[in-house]
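Hi,

Here is the structure I promised to pass on. Have a look at it first, and my notes follow below.

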Amino acid sequence: MIKNLKRLDLIFKNEQDTEAILEKTLARSNEEIVNDLIDSGLKGRGGAGFPTGLKWRLAADDPADEKYIICNADEGEPGTFKDREILSSVPNKVLAGMAVCARIIGSKQGFIYLRNEYKFLVPGLEIVISEFHELMDRLNLEFRVAIFMGSGAYICGEESALFESMEGKRGEPRNKPPYPTNFGYKGKPTVINNVETLAHTYSIFKYGPDKFRDLGIKDSRGSKVFSVSGDTPIPGIYELEFGMTLQKFVDDFGDGDSKAVQVGGASGFCVPRKKFEKTIIGYQGKLTGVSLPTGGSMMIFNSSRSMYNVLRNYLDFFVEESCGQCTPCRVGTQQLLLGIEAVKRGEKPSGYLDKLLELAETMRLTAKCGLGQSVANSFSSIVENFREEMIY
Amino acid sequence: MSDQVTLKIDGISVSVKRGTTVLDAAKTINIRIPTLCHHEDLCVAGNCRVCVVEQTGTDRLIPACAMPAADGMEIHSNSLKVRNARKQIVELLVSEHRAECTTCYKNGNCELQALSHEYIIGENGYINLIPLKEYTIDYYSPSIIKDDSKCIRCQRCVRTCDELQGVGALTVSHKGSEMKISTFMDKPIYQVVCTNCGQCVNRCPTGALVERHYIDEVWAAIYNEKKFVVVQTAPAVRVALAEALGHEPGEIVTGKMVAALRRLGFDAVLDTDFTADLTIIEEGHELLQRLKRALKDKDPDVKLPMTTSCSPGWVKFLEHIFPEFMENLSTAKSPQQMFGALAKTFYASKIGVEPASMVSVSIMPCTAKKYEANRPEMYASGYQDVDYVLTTRELALMIKQAGIDFNSLADDDYDSIMGESSGAGVIFGATGGVMEAALRTVYEVVTGREVPFDGLNITPVRGVEGVREASILINKTLPEWSFLEGVELKTCVAHGLNNARNVMKAVRDGSASYHFIEIMACPGGCLGGGGQPIPTSSDIRKRRSSAIYQEDSQKVIRKSHENPEIVQIYKEFLIEPLGHTSHKLLHTKYTARERY
């Protein structure tokens, strides 16, 4: 059965019932709320797709006294700009999600880790937060939220680097295990969720897990906010049901000449035209074809674009934004960039691309964090699908 | 939950304590997994990724140094997937490393070189990044040369400087391709808080951090017929030198070392242990004088606790971080500098050599000693008191250069005068040694009796704990020291500057009160010094330490004040401890420095 997936207006719907929803939700037991979240199928919207309810449960199960909930608003992936919009139009939903999480895990302090470039959001957010604090008092919930400003490093969106940054240290990812739900900010159990994930929990509290589950397909439930950019007549932010094929997406958003879509930003995959029909936007499931998780960045390229330039641009970004601590990422990114340049200039034979593909695979296997591991995504998918553009 | 976990590594089942890393679990069954950023003295970094291994059921490779062993794990340390990845990682490191091995000071003792050999890194590797970038080579420090073009960013030095030493002179700056190991505002290391301790040099896997060597200058002096070259050897050198010449740690080679120095052509081979004994006399009396001013004269200006001053890394650390305690530092110079000042005065006149034509060389387990010899305060003789300082490593290299078969050398004795020492002078090389040596003398001066410890071994101040406290009750004093009757002398011993910082913080906030504190900048004291043979580990330091205490116990003379040459030099030259000549030659002053 082909489901007719559609555009939605859930997240951005202006709802003035935060207090009522929170009262209703907090009247239920922690176990019931977590079970609802798990039933809803909600997965992390930052891109990695970890089941949200499970994450909360893991942190709740830790016996520590001091715990934290952090809203990751370091939206740094090239081509994504949805969290900014969520925080400026419906911050109350995000805060409500944090409050419920705080009650469940036993946290008294939450933080919004805000991307440095989003400084302009602070005055508005501060007003909302102070109202939120009054609401917390009315609900007898001992919970406060503070804004923590990032300093502009892409790597600090990686959760453990984010903690390091908040602790006043250099933003470098940690070894895992231990994981944040046991050892996060200040070494305490910490739930860290993307802005959009928290906003979705609000919808689940309000409409129930079944309504959320009805949206999307198989392992990709609910809706997702996409940042659409590139060669499209209608760039912007769109909430879509999960599980759409890329063909349908391009039909709706492309300019009729789409040659490739970069799904998930610079750290995501590049899908060429011939694979649009078989590619599903969503998490890995038992579907035919390939499904691609995404933080929501969708960059459309038409036939006027050089994929060599696209890749070089991404690599340039990674060379600069690697934290530099682990070898595969620090040196690997430089070698990939210099390597494709050398091939393009004819200084290295085209076969050198195969050595670079092996290197990208090694980076995926051995890099310390998601940044280094995912450089291979865009590199391999672009080089493999547009090899001739790399050479000539 | 059981305390033990059982896993399989390369098909071999192994049980280890929960929390043990895969790397350490592999070690217990003699499987060596290569590492670069890992060092047993430091926290886990997991950033070089050379130690990656394969775990059945996991797609990605895992870092053995950072991954705790877990029940049921099946690890493959040498699968094709692992070897391929590891080889590529070593290739990447070589591509950002100025791999000019033949001209490198660390040639032959470089961990990257060894791995590169093991994984047969050929010339068809990645693009060489070195010509594409600008690198800084900081050779301004008298102690340490930092060459960024050889750095592989393993951050061992940063972790050493930060967590082991609590100094933080070295830090990571920039990110991505620009990431590097730097200092405050990229200043040269001689301008920052660096104490020159050289612990980073001991742990650097490549040639990015090395001591500044003075071997050629020393050869030139030896072969200059107009120069009379005296050499002194620090206590800790004799228990470590052999390691750099292929022996196991913990061997004492005092006699062979003296013979080798004579063969190298030094005109007089003397012993820093002699001035270690002298330091005890001067510093011990300084302590007694301070105690007298405090307890008898009720002088409000006297500064207690008094801290030792023989570790130049510690002295500079205090000048930077705790300048308010500068007056608590003993004014007594270190044994090296006492020796230097006496060599070009007392000794020169004794043997009839013009001080101007004398060259004074010292062999030290230390890189900070190079800096100390260059301090402006150290010209008491009218000349630079110590001209060149060589590390244990440099001496080993000179012995190799001279083609000396070290093993076949017959033991030889130091020259006299300034060649005799007591067991107390020897133990200066171990943490707690100065304290023990001082107590052996001070207690006897005050009571007329030996310290009440079996065999003069003051075991409470010995050991490996970072901070140790001990107190000794003084009773039945001689009449002139009656103000010390019933006083419990409180002492503290710390090694490693991070421990030193904690002790001084406790002193500052009043949570600890001592009379006398011994601090050595390096872990283990001088035997773990920054100029000692590489590698270092707690086991190696323990073996050097046992050797030192063995040397002490075998000495006929165990107390500094009973060293006949010490008795003689006071009789002939210095007259009395803290006397006029002592003040001129053997004591110094300190300089407050910036904290950055």
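Which helix gives the most to the lining of the second largest pocket? That is H4(B), with four residues.

Before the rest, some housekeeping. This is a predicted model, so to speak of a local feature we need pLDDT of at least 70, and side-chain atom pairs count only at pLDDT 80 or more, while totals for chains, interfaces and linings use all residues. Residues are numbered from 1 along each chain as its sequence is written, chains are lettered from A and ligands numbered from 1 in the order in which they are written, and side-chain values use heavy atoms, with hydrogens and water left out. Helices (H or I, at least four residues) and strands (E, at least two) are DSSP runs numbered from the N terminus.

**Pocket and cavities**

Back to that pocket: the space in it comes to about 940 Å³. It has 35 lining residues, and Arg174(A), Asn175(A), Cys43(B), Val44(B) and Ala45(B) are the closest to its centre. Helix H4 (156-164) and strand E8 (171-173) of chain B each supply at least two residues of this lining. By class, the lining splits into 17 nonpolar, eight polar and ten charged residues. (Nonpolar is Ala, Val, Leu, Ile, Met, Phe, Trp, Tyr, Cys and Pro; charged is Asp, Glu, Lys and Arg; the others, Gly among them, are polar.)

The largest cavity has a volume of about 260 Å³. Of its 23 lining residues, Cys310(B), Ser311(B), Pro312(B), Lys369(B) and Cys526(B) lie nearest its centre. Helices H10 (312-321), H11 (335-351) and H12 (368-373) of chain B each put at least two residues into that lining, which by class has 16 nonpolar, six polar and one charged.

On terms: the search uses a 1 Å grid over the protein atoms alone; a cavity is a set of points where a 1.4 Å probe fits but cannot get out, a pocket is an open set with protein on both sides within 12 Å along at least five of seven lines, and lining residues have an atom within 4 Å of a point. Points are joined across faces, edges and corners, and a volume is the space filled by probe spheres set on them.

**Helix pairs**

In chain B, H9 (residues 272-295) and H18 (residues 564-574) pack at about 65 degrees with their axes 10 Å apart. That makes H9(B) roughly perpendicular to H18(B) (65 to 115 degrees; under 35 is roughly parallel, over 145 roughly antiparallel, the rest oblique). Axes are lines fitted to C-alpha atoms, for helices over the stretch in contact, and angles run from 0 to 180 degrees between N-to-C directions. The contact (heavy atoms within 4.5 Å) involves Phe274(B), Asp277(B), Leu278(B), Ile281(B) and Glu282(B) of H9(B) with Glu565(B), Ile566(B), Ile569(B), Tyr570(B) and Leu574(B) of H18(B). By class, this contact has seven nonpolar, no polar and three charged residues.

Over in chain A, H2 (residues 30-40) and H5 (residues 91-105) pack at about 125 degrees, with axes 10 Å apart, and are therefore oblique to each other. Asn30(A), Ile33(A) and Val34(A) of H2(A) meet Val100(A), Arg103(A) and Ile104(A) of H5(A). Those residues divide into four nonpolar, one polar and one charged.

Cheers
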